[in-house]
Amino acid sequence: MTVDEPGRAWVFGDDIDTDQITPSRFIVLSDPEELAEHAFNDLRPEFSEKVREGEFVVAGENFGGGSSREHAPLSLLGAGVDGVVAQSFARIFFRNAINLGLPLMICPEAHRIEDGDEITMDLDAGAVRNHETGERYDAEPLPEFLQELVDEGGLKPYTKRKLGTAEQS
Amino acid sequence: MTAKTITEKILSEKSGRDVTAGAYVEAIVDSMVTHDVTGPLAIEVFEDVTDEKSELPTADDIVFTLDHHAPADGVEAANNHNILREFAAEYGTHQYEINDGICHQVMIEEGFVEPGQLVIGADSHSTTYGGLGAFGTGVGSTDLGTTFATGELWFRVPETIRFEVQGDLPDGVYAKDLILKFIGDVGFDGATYKTAEYAGSAIRELPIHQRLVLANMAIEMGGKAGIVEPDERVETFLEDQATLDVSVDPDLASDDDATYEATYTYEGSDLAPQVSKPSNPENAVDVDDVVGTGIDQVFVGTCTNGRYEDIRVVADVLAGEQVAPGTRLIVVPASKSVYEKCLETGVLETLVEAGATFQSAGCGACAGYHQGVLGDDDVCLATANRNFPGREGSMDSQVYLGSPATAGATALYGEITDPRDLETTRYGDHVSADVGVVR
Ligand code: SF4
């Protein structure tokens, strides 16, 4: 799958932990859209109000450290974020995001992207494109098997297909 | 074939592919466990991905325990217990009751873990199974619920960090001291996503209950797994404890030229008892540094150090004595069979006479839910695995972590005490047969 519609980049720094993505006082919530209302609440209060479907989160090293709860990736999905580009991800966030079907790209040059730039994640080619500057950054494509998981919307839909319990469309 | 670590061998075997660190695999899971906190969510996921009346072919590999809030400490906990009981009755999964014990101890005693197996649990201390030479790792409820349905799950094959301890350990130094030392040296995220592999002559000499401690706390340095290469001690242990007849494949060990991300080496005789200061397990120091710190509560138990041999050490220290005035001692056996052994051997009587509060088997106060919660400014020394702020109660309480011997000595004097300073008769020769390292 290629995310081909350009979208605005919301740029964050290094070591953004799950508490900064979804402050822990909101973890009693479990609905993605309700969680989305509090995403980055303390760090960038305007995020939840202004983020639109099809936009991207861009970050530095070690995005998503901290709690093993799924609230952080859920809140980003609830906000309609199309994917996260970071220089590196914390392991549990990585696993939870894949399991929930949130596309991720590890991109060493993510720091070249500026807040508000229009970007696309080209998952097939393993690249992030910056439409503001015309630059193309190499990004590690997900291994084929994980890409399949993400394409299907995460571990639950993937399992349903394997079991043959998916609703036929 | 490329040289492999034991981790790479197990994940190659379970995925049917020849893989090394960094590869992503789908692997067959041998058994899985969940408890009263994470179980209801896993069941929800399972019901979501399957048809209403689906069969559960993996039922015999699924274990439910009631340990975190057991006996139920509130209506919500009681309802969660019933959710698991009802599911088990319908699908035929293994259901353990309140007082049967902590998930990880039940898995081991009941024979759900064998060397070379891949075992997952919806609990971060599922790394414990590495003490038997299995690859054990904690997963989320989504992972577990889908694995109920399919029997397999995706993994990234982790790199390995090796901790080697050679020679003999001094008196009063246990596996708990070793693991606190390792965590102190690499930091609480020093092995993130890696396997911590424990090796060397001192580790090979450790009895199984102490190897389990090393594997259990791998997660406190971020590890995905902790593992000790299995040997004939594992065979004997499984035969005695779980009436399992297994023979360890001699190839189930890391190859000599396997690739390690890092290797840390220690000389056993250099090591001293360790205590982790509040509020992170990585704050490990030699016990000397904190001797004399006043303690309000000593907590002996958990999936780390709630086994018979651990409780026995505390009883030997306190035999015929009293817990220091102003200090509370709470003892929680890790399982019903540990409880029974304490009863049969007089350990329970010794402890109760010494003034201890002896509770039913389970997690007890470990996660601060009930049965021994700390108040503001309370200072505790626990044989547990975590001492994060508020872990055992108030955000203003403080928790030190140490071995059962350190806990026993501390209960006796009401302040952190070096177990090596006790008269040797207190844990003399009669203990060594059972307890292993104490001489
Ligand atoms: S004893 Fe503590 S660490 Fe172990 S499973 Fe129970 S709550 Fe978790």
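Colleague: Leaving out sequence neighbours within four places, what is C303(B) in contact with?

Modeller: In this predicted model, C303(B) touches I102(B), H104(B), H125(B), N216(B) and N385(B). Contact here takes heavy atoms within 4.5 Å.

Colleague: And why is C303(B) called buried?

Modeller: Buried means under 20% relative accessible area. C303(B) comes out at 9%, so it counts as buried. As for where it sits, that's helix α10 (residues 302-305) of chain B.

Colleague: What makes C363(B) buried or exposed?

Modeller: The cut-off for buried is under 20%, and C363(B) has 10% relative accessibility, so buried it is. This cysteine is in the loop between β16 (357-358) and β17 (379-382) of chain B. Beyond its neighbours within four places in sequence, C363(B) contacts D67(B), H68(B), I102(B) and F299(B).

Colleague: Which residues does UniProt list for "binding site"?

Modeller: The unreviewed UniProt entry gives C303(B), C363(B) and C366(B). They span 64 residues in sequence, but no two of their C-alpha atoms are more than 9.2 Å apart, so they gather at one spot.

Colleague: How do you know which residues surround the ligand?

Modeller: A residue needs a heavy atom within 4 Å of the ligand. Those around the ligand include C303(B), C363(B) and C366(B), along with H68(B), H104(B), D123(B) and R391(B).

Colleague: How does that shell divide into nonpolar, polar and charged?

Modeller: You get 4 nonpolar, 5 polar and 2 charged residues. Cys counts as nonpolar, and Asp and Arg count as charged.

Colleague: Which domains does the shell draw on?

Modeller: Domain 1 (7-267) and domain 2 (275-433) of chain B each supply at least three residues.

How values were computed:
Residues numbered from 1 in each chain as written. Chains lettered and ligands numbered in written order. Predicted model: local features only at pLDDT ≥ 70, side-chain atom pairs only at ≥ 80, totals over all residues. Heavy atoms only, no water. Domains from an automatic or database assignment. UniProt positions renumbered as here; feature names shortened; annotations may be inferred. Helix = DSSP H or I, 4+ residues; strand = E, 2+ residues; numbered from the N terminus. Buried < 20%, exposed > 50% of the residue type's maximum accessible area, 1.4 Å probe, protein only.
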